[in-house]
Protein chains: 2
Amino acid sequence: VNFADRLERAVAAVGTPALVGLDPHETLLPDEFAVARRADAPRAERAAAAADFCCALLDVVAGRVAAVKPQSAFFERFGADGAQAWERVLVRAHALGLLVIGDVKRGDIGSSASAYAQGLLGPEDPRLACDAITLNPLLGSDSIEPFAGVARAHGRGLFVLVRTSNPDSAMFQEHGTPPLSDVIARAVDRWGTDDVGRSGLSSVGAVVGATHPTELARLRALMPRAVLLLPGYGAQGAGAADVVPGFLDGRRGALVNSSRGISFAYRDARWRGRGWRDAAAAALDLMIEELERALAARPR
Amino acid sequence: VNFADRLERAVAAVGTPALVGLDPHETLLPDEFAVARRADAPRAERAAAAADFCCALLDVVAGRVAAVKPQSAFFERFGADGAQAWERVLVRAHALGLLVIGDVKRGDIGSSASAYAQGLLGPEDPRLACDAITLNPLLGSDSIEPFAGVARAHGRGLFVLVRTSNPDSAMFQEHGTPPLSDVIARAVDRWGTDDVGRSGLSSVGAVVGATHPTELARLRALMPRAVLLLPGYGAQGAGAADVVPGFLDGRRGALVNSSRGISFAYRDARWRGRGWRDAAAAALDLMIEELERALAARPR
């Protein structure tokens, strides 16, 4: 089944385009997982604590969001033990019925791209597969096509970086006339042509930071069939109104990610005094409500 | 010790700027490692075969080149078992006195970039560290700085993608006026300012495909202090004369990579009939000789 169709169905089932990022940053983990930051502890124990936290968070968000987005860096930080932790989180997420968007930002060519795609999207054990991954397109079409081929064969999706949410993102992404991000956006639309599902959306999507609302509207217009993954909500400063230009009609065509705004809500003054699970649940409730209100209020 | 200084010393010791890529592509491995391509074999055995091949190749090239460049994709293809295989190859390479340039092409921001840097360049067990890694700069300065900080603290290096060797690389990398690759090159020079060693070279280097000789000369001029990693030699079509514009005086300032031209030389008609080790050794001899001749012949 086409990934964009699967995703649209999953979003409709939960009724929200909210996406929860899993960033088990060792220094921010609740105290019960403190072994993750103990430099003198065995690496395997540290990685296991990061996975335990993610699995516990999955229990909090399961059934309430369609998908989660684990950030590979926080697992790779623990080397081969982190890779095992990553796989444990994927198995658990799938068991809970959550789609997994692996935030890996890979980008390579030829047989290297195929090998990454095989490992991430098409492994022999499907419980270890991501439903979609993020990709960096700097190397051009021949760095995307091998991923698209494997994704298509396995009903998986891709989210190509078009305009990221960080302060220095304009440095190269807005270079030239038209800006590079427009050129990448047009390429994303072309790359996705053969992967449009019944929903009219393509399995080749794009990452566009919600921190740039004007550009978001422009890029949405250049990629009318792409599912947009919108980072930057919450901790990075974008509000619910900022993400609205990324959507098609209704709640369609975009996912809004919040990572530490949910995971580490217990550190936020608004939820002080609650346990970390309650704080995460409350922050997710608020995010879902804010998105719903902003999407309902927009002009038709 | 500054990475650029360490690298220069290591290159001087072996007398060649040749770099051997470790791409254990399962379908190309010699028959004695055929379990790697058996879809029905346990993943751990397949990954172990890929590592066995790389370790055997390390024995062939040790003492003859300064560094090796494992390609992460072919390890990640086997998930957590591949991550263990990667670590085994790193331990073996260090034990043989080889520098390791991890071809990982990572690129992310903030705490994610720091986590990648920690895992790859600054792990608690230094035998599991890369001496340098490749980075994708599309996200801008704030995606490079966290890596530069960790690299500096541990005497490691970075090779930033400026102009890649693949056919579609111009699509985005040559976008705009001046071309994006020039803008990235100027940024690489700036990023490397605080990491210039006694050699006058910086630990922040660049990847520039040897398949674009004219651009190579232009980019070399924009990055006078960067060590250049030049892929594309051999299998991708660049010859020894094509890499010369990447060098400073003598053999300084550049590394020339060959991956499957060495690893899988046994598949090449020139070395037919030899065992894979002999073929790899002969192909490496020829590469070293061709580079030496081309560097000696250039105008002063």
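Put together, chain A and chain B bury about 4700 Å², with 58% of that on carbon and sulfur atoms. Buried area here is the accessible area (1.4 Å probe) that two parts lose on being put together, summed over both. In chain A, the residues that lose the most area to chain B are A:Leu138, A:Phe172 and A:His175, together 16% of what that side buries. The model is a predicted one, in which local features need pLDDT of at least 70 and side-chain atom pairs count only at pLDDT 80 or more, while totals for chains, interfaces and linings use all residues. Residues are numbered from 1 along each chain as its sequence is written, chains are lettered from A and ligands numbered from 1 in the order in which they are written, and side-chain values use heavy atoms, with hydrogens and water left out.

Now for how the two chains are arranged.

What does the interface consist of? In all, 58 residues of chain A are in contact with 58 residues of chain B, where contact means heavy atoms within 4.5 Å. There are 10 salt bridges between chain A and chain B, a salt bridge being a side-chain nitrogen of Lys or Arg within 4 Å of a carboxyl oxygen of Asp or Glu. One salt bridge links the side chains of B:Arg106 and A:Glu76 (2.7 Å, N to O).

Next, some individual residues. B:Asp103 sits in strand E3 (residues 99-106) of chain B; helices (H or I, at least four residues) and strands (E, at least two) are DSSP runs, numbered from the N terminus. With 5% relative accessibility, B:Asp103 is buried, a label for under 20% relative accessible area, with exposed meaning over 50% and partly exposed in between (1.4 Å probe, protein chains only). The side chain of B:Asp103 makes a polar contact of 2.8 Å with that of B:Lys69, and another of 2.8 Å with that of B:Thr134. Leaving aside neighbours within four places in sequence, the contacts of B:Asp103 include A:Tyr116 and B:Trp86.

A:Leu139 lies in the loop between strand E4 (132-135) and H6 of chain A, and is buried at 1% relative accessibility. Not counting residues up to four places away in sequence, A:Leu139 touches residues including A:Ile109, B:Leu161 and B:Gln173. A:Leu139 and A:Gly107 are 32 residues apart in sequence, with their C-alpha atoms 7.0 Å apart in space.

B:Gly149, in helix H6 (residues 141-154) of chain B, is partly exposed, at a relative accessible area of 33%. The C-alpha atoms of B:Gly149 and B:Ala117 are 8.7 Å apart, though 32 residues separate the two in sequence.

Key
Polar contact = N/O pair within 3.5 Å; in protein donor to acceptor, adjacent residues only side chain to side chain.
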